[in-house]
Amino acid sequence: LNMPKKQVNKKKAAPSTKKVASKPVPPPKKTIVKKPKLRKRDNPLFEKKPRNYGIGNDIQPKRDLTRFVKWPKYIKLQRQKRILLKRLKVPGIINQFTRTLDRHSAGALLAFLEKYAPETRQQKKARLLGQVKDEAK
């Protein structure tokens with residue numbers, strides 16, 4: 001059985017008489033007048049028309065396809081090694097051997113440090129004997 005629903009008259013709430021404090025209105029913003037930029041006059045001999053790269057239309061611009069090249073294995077390996085060395089944290093004690101001197105610089109450094117090397121046992125013995133002889137005189 002379909003019975004009609006009772007219609008309930010809802011009383012609307014009377015508008016409140018309380019006044020809400022209004023927010024202070026900020027002063028109007030100053031408008032900045034921009035001067036129009038002077039453009040060079042376009043040459044009427046050369047029309048500017050957009051390019052259409054659809055099939056059978058303008059030639060597509062050259063793209064950088066280096067990512068899609070099949071690189072030789074040694075190049076892939078050296079690139080992967082560079083990335084790993086950047087990402088891995090290597091202790092300084094080990095990392096000091098990744099950058100070594102070339103042969104010429106190493107030879108020059110060793111020749112320089114040879115002057116400041118500690119004396120050997122034979123050199124010490126000769127020096128002490130020389131001192132003893134000087135004191136004996």
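A pocket, as the word is used here, is an open set of grid points with protein on both sides within 12 Å along at least five of seven lines, and its lining residues have an atom within 4 Å of a point. Keep that in mind as we walk through this structure, which is a predicted model.

Let's start with the overall layout. The protein chain has 4 helices and 0 strands, so if you follow the elements from the N terminus on, they read α-α-α-α. Of the 137 residues in the chain, buried ones make up 1%.

Now look for the largest pocket, which holds about 270 Å³ of space. Around this pocket you will find Arg82, Leu85, Lys86, Leu88, Val90, Asn95, Thr98 and Arg99. Sorted by class, this lining has 3 nonpolar, 2 polar and 3 charged residues. Which helix gives the most to the lining of the largest pocket? Helix H1, made of residues 73-87, does, with 3 residues.

Next, turn to the side chains and how they meet. Arg79 lies over the face of Trp71, and the distance from the ring centre is 4.4 Å.

Finally, let's visit a pair of charged residues. Side chains of opposite charge can pair when their charged atoms come close. The count in this model comes to 1 salt bridge. Its partners are Glu119 and Arg127, whose side chains meet at 2.8 Å, N to O. Are these two residues buried, exposed or in between? Glu119 has a relative accessible area of 39%, and Arg127 has 37%. Buried means under 20% and exposed means over 50%, so both Glu119 and Arg127 count as partly exposed.

Definitions and conventions
Residues numbered from 1 in each chain as written. Predicted model: local features only at pLDDT ≥ 70, side-chain atom pairs only at ≥ 80, totals over all residues. Heavy atoms only, no water. 1 Å grid on protein atoms, 1.4 Å probe; cavity = no way out; pocket = protein on both sides within 12 Å on 5 of 7 lines; lining within 4 Å. Points joined across faces, edges and corners; volume = space filled by probe spheres on them. Helix = DSSP H or I, 4+ residues; strand = E, 2+ residues; numbered from the N terminus. Nonpolar A, V, L, I, M, F, W, Y, C, P; charged D, E, K, R; others polar. Lys NZ or Arg CZ within 6 Å of the ring centre and 35° of its normal. Salt bridge = Lys/Arg side-chain N within 4 Å of Asp/Glu carboxyl O. Buried < 20%, exposed > 50% of the residue type's maximum accessible area, 1.4 Å probe, protein only.
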